[in-house]
Amino acid sequence: MARGFEIVSKYADQGLHLPYRTTKQAAGYDFEAATDFTLPSIWKLNFVKILWQLRHGETSSEADLDAAAKTLKPYLVPTGIKAYMNDGEYLMIANRSSNPLKRGLILPNGVGVIDADYYDNPNNEGEIFIQLVNLGIRDVHIKKGERLGQGIFTPYLTADNEAQVTTTRTGGFGSSGK
Ligand SMILES: O=c1ccn([C@H]2C[C@H](O)[C@@H](COP(=O)(O)OP(=O)(O)OP(=O)(O)O)O2)c(=O)[nH]1
Ligand SMILES: [Mg+2]
């Protein structure tokens, strides 16, 4: 068992595909969406409203700011996939280069880093999520099975003289604190 992908148990029987490479020398394993969903355009009225208020020197209410912040939140696309790998490796999640060109979709975190100890964590079993933001004018409707991102197994190095790390991962997305 060196490295690979598995389907998260709650998605068993849903006909998901494990990530796959589309050409002989492709570095990335393409990940498909596990469900249908809609990525709302960020240019929604909520957001435009506070821009208008800013432009006109008006102070936005907390309610308006909250509504705008909601509009700008990245969507966490469920993949139904977990990845296992050797010590000293992580899985890098990168956007597909066609996503911004064809659909205005960006990865707001630049790249996603899937740690080896995220696998089978007690919180969500290690399900990988792809963060996406729709910069386009129109909402984007994604169908289950559409390829949205790619995962690249990557080795990493550690620093000399680092303090011993003993904590084990219990989840993701801020689970290790602020
Ligand atoms: O695009 C991503 C990025 C991260 N993760 C999961 C796997 C990763 O192992 C975990 C933590 O990621 P990271 O360390 O980058 O985020 P953090 O904000 O530091 O969270 P934590 O405090 O849980 O480490 O979240 C994803 O599913 N998708
Ligand atoms: Mg972290």
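This is a predicted model: local features need pLDDT of at least 70, side-chain atom pairs count only at pLDDT 80 or more; totals for chains, interfaces and linings use all residues.
Residues are numbered from 1 along each chain as its sequence is written, and chains are lettered from A and ligands numbered from 1 in the order in which they are written.

**The ligand shell.** Now select the 17 residues that surround ligand 1, of which the closest are G112, Y118, G172, S175 and S176; a residue is near the molecule if its C-beta atom, placed from the backbone, lies within 6 Å of it. The elements that give two or more residues to this shell are β8 (112-115) and β9 (129-134). Colouring the shell by class will show 8 nonpolar, 8 polar and 1 charged residues, where Ala, Val, Leu, Ile, Met, Phe, Trp, Tyr, Cys and Pro count as nonpolar, Asp, Glu, Lys and Arg as charged, and the others, Gly among them, as polar.

**The sheet through β9.** From the shell, follow β9 into an open sheet of 3 strands with the order β4-β9-β7 and antiparallel pairing; two strands pair if DSSP finds at least two bridges between them. The edge strands, each pairing on one side only, are β4 (75-78) and β7 (105-106). Zoom in on β7 and β9, which pair in the antiparallel sense over 2 bridges, and pick I106, whose bridge partner in β9 is V133.

**The annotated span.** Next select residues 66-177, which UniProt lists, in an unreviewed entry, as "domain: dUTPase-like"; UniProt positions are given in the numbering used here, feature names are shortened, and annotations may be inferred rather than shown by experiment. The end C-alpha atoms of residues 66-177 lie 23 Å apart, and the span is 12% helix and 35% strand.

**An exposed stop.** In the segment after β11 (147-155), select T168, which counts as exposed because it has 8 C-beta neighbours inside 10 Å; the cut-offs, with C-beta atoms placed from the backbone, are 20 or more others within 10 Å for buried, 12 or fewer for exposed, and partly exposed in between.

**The whole chain.** Zoom out to the chain, whose secondary structure comes to 3 helices and 11 strands, and of whose 178 residues 21% count as buried.

How values were computed: Helices (H or I, at least four residues) and strands (E, at least two) are DSSP runs, numbered from the N terminus.
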